[in-house]
Amino acid sequence: MTAVLFENVSRHFGAVRAVDAVDLAIAEGEFFAMLGPSGSGKTTCLRLMAGFEQPTGGHIEIFGETAEGVPPYRRSVNTVFQDYALFPHLSILDNVAYGLMVKGVGREERRKAAEDALAMVKLPGYGTRRPGQLSGGQRQRVALARALVNKPKVLLLDEPLGALDLKLREQMQEELKSLQKTLGITFVFVTHDQGEALSMADRIAVFNDGKIQQLGTPEEVYKQPRTRFVADFVGSSNVLPPEFVKQLGAANQYASLRPEAITLGRGGDGKLVLNGTVLSRSFLGAANRVLVSVNGTKINVMSPATASIPAEGNPVTLSFDRADLHLMDQAS
Amino acid sequence: MSAIVEQRSILPDRGSLTSRVSDFLWKHPYVLLTILLAPPLLWLGIIYLGSLFALLLQSFFSIDDYSGLINYEFTLATYRQLLNEANFDIIVRTVSMAAIVTLVSAVIAFPIAYYAARYARGKWKVFFYLGVMLPLWSSYLVKIYAWKLILAKEGILTWLLTKLNLLWLLDAWLSLPVIGGNSLSVSYTGTFIVFVYVWMPFMILPIQAALERVPTNLIEASSDLGATPQQTFRHVLFPLALPGIVAGSIFTFSLTLGDYIIPQIIGSSRLFIGQAVYAQQGTAGNIPLAAAFTVVPIVIMGLYLWGARRMGAFDAL
């Protein structure tokens with residue numbers, strides 16, 4: 001069943017088209033990511049699902065029911081806010097139990113449910129504290145518990161990991177993923193971090209300028225970017241101009257070439273070969289990033305740390321499989 | 001490299017007196033703090049608290065009924081006098097008025113403050129501040145006399161209601177016991193209207209400041225979790241605005257408790273605490289009773305703040 005359906009949905013603020021004629025179908029139980037730079041319309045889409053915004057055009061359905069004109073408090077959809085939005089004047093337990101309280105669930109029952117939810121996010125016994133006494137990571141978990149205790153049909157997450165440091169973020173990514181598997185709830189996740197989207201989502205919608213540029217599995221989006229924007233935004237691929245691609249013997253079209261698909265030095269038979277000059281190199285730990293100029297076109301290469309690299313200014317040979325050269329739509 | 005600026009890692013002392021003073025104060029921050037705070041603290045400590053203490057002391061003396069001289073012996077007789085029927089009526093009248101003025105001010109101020117905090121932007125915000133503060137810039141007496149003209153029997157309000165064929169409404173109101181009277185300008189209703197008008201800015205501004213600090217996403221989160229707007233108001237907006245409402249009510253409540261001009265110009269001739277203090281220390285020359293009357297608002301405000309604190313009004317601070 002389709003959990004969230006957008007048909008030609010637009011949200012314009014005056015002349016600004018925050019969301020512009022978006023079509024979208026999120027399946028039940030799916031972990032769906034909306035990826036894009038700030039101002040691309042992904043957060044507005046999330047707010048349209050939550051009911052904080054109403055579409056200026058188009059049709060929205062949540063589990064087959066019309067959602068436009070329905071206020072947020074009548075939707076079985078819950079949100080984990082970017083900065084958590086915990087109620088500062090309530091204890092952690094009252095924060096988590098809030099949704100049940102306003103729906104008239106009895107005191108004892110909601111206390112138990114809230115404690116279970118806190119245990120689920122690994123914060124048992126934190127109920128008596130105030131939000132101000134918790135760390136960012138703990139607040140994040142409380143926000144999650146507060147949403148999940150309502151057993152929503154769809155859980156919306158607005159850049160929930162943005163404020164956490166790297167280590168905590170990676171840990172939360174895994175926990176979110178396994179939580180979603182256990183609960184089977186549809187998760188819709190907004191992020192500007194392509195790594196996060198690729199590692200967590202079942203499917204990704206890449207947004208730019210209020211439109212979906214590409215919708216597909218992480219592999220599709222990464223390996224076969226449909227537009228230059230997607231190639232550039234997801235995985236920082238090399239985008240090669242049509243003239244360059246034509247010289248390689250392919251069509252007169254833009255093409256993307258992933259940095260890790262290129263090896264330094266002459267490869268085996270049937271590989272395409274380019275000659276250029278090393279412009280700069282930076283050590284990243286597991287790999288080196290090498291910037292090479294080929295007749296003025298700059299190409300990024302991700303080379304294993306074990307491979308030797310010519311010094312800056314020296315000539316270098318690049319090789320890659322023809323199959324890794326991915327031709328893109330002419331548009332954008 | 002510039003020829004004008006000498007390239008050194010530690011810049012030399014500029015040699016002037018001000019720079020040496022700056023260096024000294026930078027090394028001894030407490031000296032600056034002391035210089036800045038000592039005068040106001042001395043003022044508060046000696047002039048203000050000192051005279052308050054002297055006043056409190058007076059309330060424990062009594063006046064000799066025959067000679068009219070102050071008897072400097074410790075006694076609670078003056079406080080007992082406060083419980084005389086006439087004096088106690090004054091206290092009840094003033095406290096009730098202050099309570100109703102505060103309550104109604106809060107109810108009227110909240111939507112105005114909410115609009116200003118949530119929706120007013122740019123020039124509308126300027127307009128809001130001007131609208132709220134402008135009345136404070138004109139003389140308090142002028143405003144009260146203006147209200148007397150508005151509320152008088154021959155005043156503009158009566159004229160307007162006559163034109164609207166609604167005069168019977170005013171007459172019905174004025175025929176009510178206690179709150180009614182010959183005209184609005186000589187009734188408790190009139191006193192109440194003017195109190196609410198004059199203190200309104202002191203209620204609006206703290207509430208607006210409190211509401212401004214409530215992040216929009218808390219309102220959204222509440223709605224997202226299933227709370228109707230009514231529930232969001234009750235469980236999120238109101239508790240978070242409460243410190244502002246309490247701050248505003250401290251102003252309206254204490255200002256009403258102490259004011260002696262408004263009830264003198266507009267209202268029935270029955271006294272309020274401020275008028276009683278004025279009369280006792282002036283014409284009657286009964287400083288101890290005037291002092292005892294002054295203690296009443298202090299005690300009431302103390303109780304009020306203690307109660308507000310116990311009810312959790314300051315939890316969101």
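Predicted model: local features only at pLDDT ≥ 70, side-chain atom pairs only at ≥ 80, totals over all residues.

Trainee: Which residues of chain A does the annotation "domain: ABC transporter" cover?

Mentor: UniProt positions are given in the numbering used here, with feature names shortened, and annotations may be inferred rather than shown by experiment. In the unreviewed UniProt entry, "domain: ABC transporter" covers residues 4-234 of chain A. That span is 36% helix and 27% strand, and its end C-alpha atoms lie 24 Å apart; here helices (H or I, at least four residues) and strands (E, at least two) are DSSP runs, numbered from the N terminus.

Trainee: Which residues of chain B carry the annotation "domain: ABC transmembrane type-1"?

Mentor: The unreviewed UniProt entry places "domain: ABC transmembrane type-1" on residues 91-305 of chain B, a span that is 78% helix and 0% strand, with its end C-alpha atoms 19 Å apart. The record also annotates "transmembrane region" in chain B, including residues 126-150 and 240-262. Over residues 126-150 of chain B the chain is 92% helix and 0% strand, with end C-alpha atoms 28 Å apart, and over residues 240-262 of chain B the values are 87% helix, 0% strand and 33 Å.

Trainee: Into which domains is chain A divided?

Mentor: Domain bounds come from an automatic or database domain assignment. Chain A is divided into domain 1 (2-232) and domain 2 (238-327), and the centres of these two domains, taken over C-alpha atoms, are separated by 38 Å. Six residues of domain 1 of chain A are in contact with four residues of domain 2 of chain A, where contact means that the C-beta atoms of two residues, placed from the backbone, lie within 7 Å. Helix α8 (residues 228-233) of chain A gives the largest share of the domain 1 side, three residues.

Trainee: And how are the domains of chain B arranged?

Mentor: Chain B is divided into domain 1 (17-59) and domain 2 (83-310), with 35 Å between their centres, taken over C-alpha atoms. Their contact takes four residues from domain 1 of chain B and six residues from domain 2 of chain B.

Trainee: In what order do the strands of the four-stranded open sheet of chain A run?

Mentor: Two strands pair if DSSP finds at least two bridges between them. The order is β2-β1-β4-β5 (chain A), with antiparallel pairing. β2 (16-27) and β5 (65-66) of chain A each have a single partner strand, so one side of each is left without a neighbour in the sheet. Strand β4 (residues 57-62) of chain A pairs with β5(A) over two bridges in the antiparallel sense, and A:Glu61 stands opposite A:Thr66 in β5(A).

Trainee: Which strands form the open sheet of five strands in chain A?

Mentor: That antiparallel sheet has the order β13-β17-β14-β15-β16 (chain A), and its edge strands are β13 (263-264) and β16 (297-304) of chain A, each pairing on one side only. β13(A) pairs with strand β17 (residues 315-320) of chain A over two bridges, and A:Leu264 has A:Leu318 as its bridge partner in β17(A).

Trainee: How are two packed helices described?

Mentor: Two packed helices are described by the angle between their axes and the distance between the axes. Axes are lines fitted to C-alpha atoms, for helices over the stretch in contact, and angles run from 0 to 180 degrees between N-to-C directions. The axes of helix α7 (residues 156-163) and helix α8 (residues 167-174) of chain B come within 7 Å and cross at roughly 130 degrees. That makes α7(B) oblique to α8(B), given that angles under 35 degrees count as roughly parallel, over 145 as roughly antiparallel, 65 to 115 as roughly perpendicular and the rest as oblique. The contact is made by B:Thr158, B:Leu161 and B:Thr162 of α7(B) and B:Leu167, B:Leu169 and B:Leu170 of α8(B).

Trainee: How many residues does each chain give to the contact between chains A and B?

Mentor: The contact takes 17 residues from chain B and 17 residues from chain A. On the chain B side, α10 (216-224) and α11 (229-258) each supply at least two residues, and α10(B) gives the most, with six residues.

Note on methods: Residues numbered from 1 in each chain as written. Chains lettered and ligands numbered in written order.
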